[in-house]
Amino acid sequence: MRPVSRSALLTLSLMVMTGSAAALPPPYTPSPFNIIGYISAMTVDNPADHFSGGTVTVNGLKVIIPTNMYYLMPAAFLTQQDLFAQAPLPYGLPANGGNGQTGLALTDTPTPLANYEVSIVGNRVGDTYIAGMATLFQELGGFTQGFINCIDYADGSMRMGGVIGDCTTGARIKLADPEVSPGAGTGRYGRISIQDKRFTSDQQNPTIHMASGYPVCLPRTRVDLGVDDPLCPQSNRPRDAAGNFLTKFVMAPKSATSLTDPFQQAPFEVGDFLNTSCTKTQDALGFYDECWQVIDMVLIDTLPGVDPAYIEAEVADYGTGGSFAVPTETTLREHIEGFTTDRSRLVDAFAIDVNPCTGQESERLIATINPATQVAVDRYRLFVLSADYLPLFRETHVKIHGATNTISANGLTNGQYRIPNTEFIFGENLNGGDPQIPNNLQDFPFLARGWFDGVQPVPAITPFPMSPAPPPVVCTGTTAPAGALPIASAGTSFIVGAAKTGVLDGTGSIDPNGGTLTFSWAQTGGPAVVLSNPSIATPSFTGPNVVGPTTLNFSLTVTNAFGSASASVAVAVVPVVDTVLITTATWSLRAKRFTVTAASSDTTGAAVLDVLGFGTMQSLGGGAYAFAALSPSLPASVTVRSSEGGFATLPVTPIK
């Protein structure tokens with residue numbers, strides 16, 4: 001959201017000083033908010049209810065936390081009540097012996113050792129700020145970088161950033177590692193150490209790992225006295241001829257010539273460079289950082305095509321799209337990024353859908369990525385404009401293609417990684433002065449329809465940060481939820497040449513219930529044109545003959561068994577200046593790579609070409625253009641449009 005400009009404030013000041021009779025309009029409702037700041041106060045409505053909401057005060061604003069809303073923590077989803085119930089003493093619920101506070105707010109007693117920050121997305125409904133989603137962390141995650149200068153095997157701690165070999169300098173850190181299971185007597189990555197279980201490392205997905213995603217550990221034994229840890233063997237950190245630890249190597253299977261074991265974690269060593277995200281805490285020896293994420297920048301690979309192999313995910317963010325009554329800028333874009341120990345195999349990314357009535361999870365393939373095409377070694381990365389990932393979802397599951405996903409490395413599942421979606425990109429107004437568009441939280445099934453927390457159904461958040469609230473889901477026994485309205489998408493704005501064919505695109509519309517949609521297109525503005533078939537997702541029309549730029553407006557209504565939803569799109573008509581020719585259009589069966597090359601008769605480079613439904617092409621100069629992206633399925637045909645009116649369509653050829 002854009003901040004208020006100084007010129008706008010000056011205009012308002014002049015109106016006040018001159019006694020203008022113009023009345024300011026009431027605040028638009030609902031309207032959006034996105035707040036990031038320190039927590040100054042927190043309350044819970046019903047301490048006895050696990051799903052209870054409450055309030056959080058940030059930057060002087062009191063925000064309602066709805067019932068059933070979950071915070072995204074470093075390695076868990078927690079409710080408002082969880083933040084109180086799981087707080088370490090002296091904080092916590094009175095029923096647990098606590099003082100009724102979370103220890104996260106500036107006003108709590110005793111004062112927390114550090115400030116806690118929260119990022120909240122929601123809508124202002126009437127005069128009330130109501131949250132939809134929130135992420136909570138301590139001071140931007142307490143991020144630090146440095147070399148390990150000492151490991152205290154007696155204490156289970158490390159020193160980072162000091163003089164190499166000096167155990168009195170540098171920051172003291174431990175791993176935020178709870179007991180893997182009751183009575184196990186050990187942590188997932190090292191010794192048991194957890195002062196605040198709300199800020200723990202992930203016990204299923206290795207948030208403590210090497211640069212490639214290989215899981216790393218801190219030995220639980222006195223390695224300095226020659227006692228090895230079989231779950232964290234020193235043999236998994238081979239040395240060179242000079243006795244220095246290798247920083248790049250392949251973790252080969254155990255053999256007569258290799259003692260490395262890819263089924264076990266690899267230990268930290270003095271001299272490793274770390275990226276850490278931690279929570280400040282203290283013990284009998286003083287203050288230290290308890291780290292819930294550690295990335296050791298050693299690069300460990302596994303044998304190509306051989307299990308086990310490991311993967312991690314760092315980023316999964318998605319555009320939210322949306323339909324609004326005023327001109328807006330929205331996006332349907334997905335960005336997925338991480339690292340793998342086996343760059344020879346593809347990475348599949350799945351959306352995790354959850355039936356809120358039964359808790360049954362299902363996975364939808366939304367992208368396949370080829371790490372071998374990346375510049376950075378072992379990285380996989382996807383940026384693509386696509387609606388294939390809709391409807392929106394809470395978590396992304398990445399898997400190494402063809403991996404067996406067996407349990408290894410002290411209980412971690414290899415070959416896969418599950419990450420909460422780290423960011424949703426909401427729309428914003430195109431024109432200042434228009435009603436502020438709300439965050440389209442009604443398009444999030446896990447908020448509007450309900451969720452399943454692994455134990456029981458979790459209804460939709462309430463109060464819902466929209467007015468009116470979306471209809472509730474009705475669960476009858478173990479049947480699928482009913483009553484979810486469709487999600488309409490009229491595609492993105494585009495340009496068509498005068499007297500040339502234009503194609504509208506409603507294929508991004510979705511029925512969350514998996515049913516059948518009906519389509520109804522109508523023209524709402526500009527010179528009248530005839531739609532080929534307004535009852536299909538992709539009707540075509542012929543642009544009117546114009547001598548200057550003209551805008552056509554269209555609306556789309558999609559209907560399912562429970563109701564309708566609408567979206568709109570604007571199409572610019574321009575006099576035809578160039579001719580477009582698609583020279584190649586291919587899709588790789590193995591890499592899922594979609595490649596298009598095209599040419600414009602305008603060789604000056606002034607034309608901007610885009611691939612319908614995918615994005616803008618790269619200009620190679622001299623009228624030549626290219627485009628490449630990952631597509632999980634074979635497009636039947638490709639359409640390329642030019643900003644100067646040119647237009648061409650060609651079938652896509654599958655290749656090996």
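Two rings of Phe, Tyr or Trp (its six-membered ring) count as a pair here if their centres lie within 6.5 Å. The legends below all refer to a predicted model.

View 1. Tyr116 belongs to strand β6 (residues 116–125), while Phe199 comes from the loop between β10 (171–175) and β11 (208–210), so the pair ties together parts that are 83 residues apart in sequence. Tyr116 has 7% relative accessibility, under the 20% cut-off, so it counts as buried. Phe199 is buried too, at 2%.

**View 2. Phe444 and Phe446 pair edge-to-face.** Centre to centre they are 5.7 Å apart, and the planes make an angle of 90 degrees. Both Phe444 and Phe446 are buried. Zoom out a bit and you get one aromatic cluster made of Phe424, Phe426, Phe444 and Phe446.

**View 3. Arg394 sits over the rings of Phe77 and Trp451.** For Phe77, the charged end of Arg394 is 5.1 Å from the ring centre. For Trp451, Arg394 lies over the face at 4.3 Å from the ring centre.

**View 4. Five strands make an open, mixed sheet.** The order runs β42-β43-β39-β38-β46. The edges are β42 (618–621) and β46 (653–655); each has a single partner strand, so one side of each is left without a neighbour in the sheet. From one strand to the next, the twist averages 25 degrees. At one end of that order, β42 pairs with β43 (residues 624–630) in the antiparallel sense over three bridges. Look for Gly621, whose bridge partner in β43 is Ala624.

Technical notes:
Residues are numbered from 1 along each chain as its sequence is written. This is a predicted model: local features need pLDDT of at least 70, side-chain atom pairs count only at pLDDT 80 or more; totals for chains, interfaces and linings use all residues. Side-chain values use heavy atoms; hydrogens and water are left out. Two strands pair if DSSP finds at least two bridges between them. Helices (H or I, at least four residues) and strands (E, at least two) are DSSP runs, numbered from the N terminus. Axes are lines fitted to C-alpha atoms, for helices over the stretch in contact, and angles run from 0 to 180 degrees between N-to-C directions. Buried means under 20% relative accessible area, exposed over 50%, partly exposed in between (1.4 Å probe, protein chains only). Rings of Phe, Tyr and Trp (its six-membered ring) pair if their centres lie within 6.5 Å; planes under 30 degrees apart count as stacked, over 60 as edge-to-face and the rest as tilted. A charge sits over a ring if NZ of Lys or CZ of Arg is within 6 Å of the ring centre and within 35 degrees of the ring normal.
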